[in-house]
Amino acid sequence: MNSRPEGADWSAALKGDGPAFGRVFDAAHPRVYRHARRLCASIHDAEDVTAGAFLELWRRRDKVTLVEGSVTPWLLATTTNLALNQRRGLRRYQTFLARLPRTEAAAEDAAETALAGALGVDPLLLTAIRDLPSLDQQLLALVALEGYPLADAAIALNMSTQAARSRWQRIRRRLTRAAPLGPLTAPDDPHTSRSTP
Amino acid sequence: MTTTLDTIFAQALRRELVTLPAQTSRAWGRKPIVFGSAALLALLSVGTVTAVANLRPPGEVAAAPLAAPVLVNGVGPATVALPAAPADARYVRIELICFDGTLCASPGGSIKGSSTPKIERASLPVNQAFDPDNVQILEPIDPSVGVPVIVNPGTHWRLYALYVTGLNPEIAKLEDSTTLGIPGNDVIPDLVPVQADNGDLAWVRYDELTNAALVELTPAGVRQAPLRAYGKDGVTIVGQADVSKLWR
């Protein structure tokens with residue numbers, strides 16, 4: 001995976017450069033939001049989760065792990081966590097989130113989305129994902145939904161590649177038992193490659 | 001069905017996010033200046049506090065209270081109204097000292113048990129301003145209504161309250177490692193600001209005000225001999241501070 005320009009902006013933001021943090025937001029938010037939309041039943045929930053991910057990025061800035069200079073994998077893992085455990089994770093930001101404007105167009109879209117359900121994820125899979133431990137949810141989202149290699153996902157989640165690989169196998173077994181799903185694929189997992197038709 | 005973040009929402013969120021690095025930089029970036037011995041001698045020799053060379057008096061290095069600190073004593077549950085909050089105040093910092101009783105609480109938390117004195121310490125928000133460094137979720141208090149003092153009936157208490165801009169106001173450090181400033185979540189300085197009897201801002205020892213206060217508990221409240229009040233250098237005695245004022 002190529003290095004991303006937000007690495008330099010992230011470093012500058014850590015030194016107090018506000019506009020640089022804005023550029024990190026510009027670069028990463030489309031992917032973060034799309035990922036949130038996949039997992040959230042309403043557009044407003046997805047907005048809250050997106051905002052929460054960036055607030056968490058700043059609050060936990062000392063613990064953020066970059067993958068090839070990019071904060072995006074960390075943001076996506078956090079987005080997964082917030083989306084699937086939303087009430088608890090976003091509680092500390094309630095006041096902040098209440099201040100952000102919601103447009104009518106978004107409200108209309110929210111109603112439409114509420115009827116359709118989360119975007120782009122099989123409802124059966126989503127239900128099964130919700131039952132996984134938090135770290136498994138994050139690994140699954142990075143690998144199966146966002147297409148990161150297991151090795152990169154492992155870095156973002158602060159675990160060894162081997163640990164990520166065994167965890168991935170366990171997730172696959174568990175989800176296969178829980179729901180009649182198609183094969184879950186990881187770009188760099190030999191077991192997954194064999195099982196893919 | 002859109003898959004991009006609503007423009008108005010994104011712009012508002014971005015505006016908020018770009019303020020975070022600067023806020024944090026202001027709060028954490030500046031370090032207290034250690035007061036050099038030469039400067040200290042110079043200050044003592046003239047008996048007043050002035051800026052010397054590149055060193056600034058600790059009173060200027062430490063964050064100053066935004067308004068005169070409130071210091072009142074009472075008995076039993078109460079709600080202590082405060083002066084209006086200055087425009088730049090984000091929190092009212094409180095030290096609630098309970099000299100007896102088994103409960104000592106504020107909206108920010110509580111201390112229970114029979115040991116005395118108990119000190120409930122909290123930063124209570126006075127507005128909805130977002131603070132990324134505050135993990136505690138509290139509803140803002142209305143200063144005109146006041147700070148709830150939640151104690152057992154008959155408990156003698158002292159409330160020390162002052163307006164601050166953040167959770168951890170800057171603290172100054174003297175050469176002998178004495179610290180001077182406003183109490184924060186992370187650090188309790190040795191000397192804290194009060195209004196001296198002459199009306200000026202002065203500094204008293206935190207211990208003498210709180211956990212080591214030599215108090216007499218009366219039916220009306222708490223009585224204590226006036227405390228020595230120090231100047232901004234933390235050494236010069238500039239007068240005394242009455243700490244027995246009763247809440248009515």
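Started with B:Cys98: I find it opposite B:Trp157 in β8(B). This is a predicted model, where local features need pLDDT of at least 70, side-chain atom pairs count only at pLDDT 80 or more, and totals for chains, interfaces and linings use all residues. Residues are numbered from 1 along each chain as its sequence is written, chains are lettered from A and ligands numbered from 1 in the order in which they are written, and side-chain values use heavy atoms, with hydrogens and water left out.

Next, the strands around that pair. Strand β3 (residues 91-98) and strand β8 (residues 156-164) of chain B run antiparallel, joined by eight bridges. My note on terms: strands (E, at least two residues) and helices (H or I, at least four) are DSSP runs numbered from the N terminus, and two strands pair if DSSP finds at least two bridges between them. I then traced the open sheet of four strands in chain B, whose order is β1-β8-β3-β6 with antiparallel pairing. Its edge strands are β1 (70-75) and β6 (118-125) of chain B, each pairing on one side only. Neighbouring strands here are turned by 20° against each other on average, direction ignored.

Moved to β4 (residues 103-106) of chain B. B:Leu103 and B:Ala105 point one way, B:Cys104 and B:Ser106 the other, and all are buried (under 20% relative accessible area, 1.4 Å probe, protein chains only).

Which strands does β4(B) pair with? Four bridges join β4(B) to the antiparallel β5 (residues 109-112) of chain B, and two bridges link β4(B) with β7 (residues 147-151) of chain B, also in the antiparallel sense. I see a hairpin of two residues between β4(B) and β5(B). B:Ser106 stands opposite B:Gly109 in β5(B), while B:Ala105 faces B:Ile150 in β7(B).

Last stop, chain A. Helix α1 (residues 6-14) and helix α2 (residues 18-39) of chain A pack at about 145°, axes 7 Å apart; axes are lines fitted to C-alpha atoms over the stretch in contact, and angles run from 0 to 180 degrees between N-to-C directions. The contact (heavy atoms within 4.5 Å) includes A:Trp10 of α1(A) and A:Phe21 of α2(A).

For the record, I logged five helices and 16 strands in chain B, with buried residues making up 46% of its 248 residues.

Conventions. Buried < 20%, exposed > 50% of the residue type's maximum accessible area, 1.4 Å probe, protein only.
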